[in-house]
Amino acid sequence: MPFNINEEFKINKDMLNLRSFQEEIIASNIANAGTKNYKARKINFQKEMKNIIDRNSKSNNIHINEKFNLEKSKYYSIPHVYTVKKANSINGNTVNMDEERINLIKNSLKYQEEIILLNNKIKNILLVLQE
């Protein structure tokens, strides 16, 4: 079975991109914490992560044609963002700063975890190639 290095790291790339996207959304929410009628935005991280895993778990590239891959990659390129409807303040802003700070820290730690997993994967591949 041929080894395709791009396919090997695609899921890691997609997960890091998703974490980066989530951090942008959290940063936007924090930046707009004082904006009147601003609605906090979120992504369903579990659902988006499942989409990434499903997309990367195909058994073989031969089984899926190129057109399908292109359509699927367009569909999954930008995660679905929804707004938080409940109002936390009298000015209509729905940003909860305590929740956003916790989410920012969690997301940063998970990003670092992804980097560590990627580094270990690279080390293992290099170890196999040296033998």
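This is a predicted model: local features need pLDDT of at least 70, side-chain atom pairs count only at pLDDT 80 or more; totals for chains, interfaces and linings use all residues.
Glu99 is partly exposed, at a relative accessible area of 31%. I then looked up its partner and found a salt bridge to Lys42, where the closest N and O atoms are 3.0 Å apart. Glu99 belongs to helix α4 and Lys42 to strand β1 (residues 41-43), so this pair ties together parts that are 57 residues apart in sequence.

Next I checked Lys42 itself. Is Lys42 buried or exposed? I noted a relative accessible area of 17% for Lys42. Buried means under 20%, so Lys42 counts as buried.

I then looked for other contacts of Lys42. Its side chain also meets that of Glu100 in a salt bridge, at 3.2 Å from N to O. This pair, too, links distant parts of the chain, with Glu100 in helix α4 and Lys42 in strand β1, 58 residues apart. Glu100 is buried, and I recorded a relative accessible area of 2% for it.

The side chains of Asp98 and Arg101 meet at 3.5 Å, N to O. Why are these two about one helical turn apart? They are 3 residues apart in helix α4, which means a separation of about one helical turn. Asp98 is exposed, with a relative accessible area of 53%, while Arg101 is partly exposed at 45%.

Ile122 is partly exposed, with a relative accessible area of 34%. Which residues make the nonpolar surface patch with Ile122? I found Leu126 and Leu129, and the patch they make with Ile122 covers about 290 Å².

Last, I looked at helix α2, which runs over residues 45-56 and has 12 residues. From its first C-alpha to its last, α2 reaches 16 Å, close to the 16 Å expected at 1.5 Å a residue. I listed its buried residues as Phe45, Glu48, Asn51, Ile52, Arg55 and Asn56. Seen down the axis of α2, these buried residues fall within an arc of 125 degrees, so they line one face of the helix. I noted that the buried list holds Glu48 and Arg55 as well as Phe45 and Ile52.

Note on methods. Residues are numbered from 1 along each chain as its sequence is written. Side-chain values use heavy atoms; hydrogens and water are left out. Helices (H or I, at least four residues) and strands (E, at least two) are DSSP runs, numbered from the N terminus. The expected span of a helix is 1.5 Å times one less than its number of residues. Buried means under 20% relative accessible area, exposed over 50%, partly exposed in between (1.4 Å probe, protein chains only). The arc is that of the directions from the helix axis to the C-beta atoms. Patches are made of residues with over 30% relative accessible area and no salt bridge: like charges are joined within 9 Å, nonpolar side chains (Val, Leu, Ile, Met, Phe, Trp, Tyr) within 5 Å. Accessible areas come from the Shrake-Rupley method with a 1.4 Å probe; for residues, only the protein chains shown count as cover. A salt bridge is a side-chain nitrogen of Lys or Arg within 4 Å of a carboxyl oxygen of Asp or Glu.
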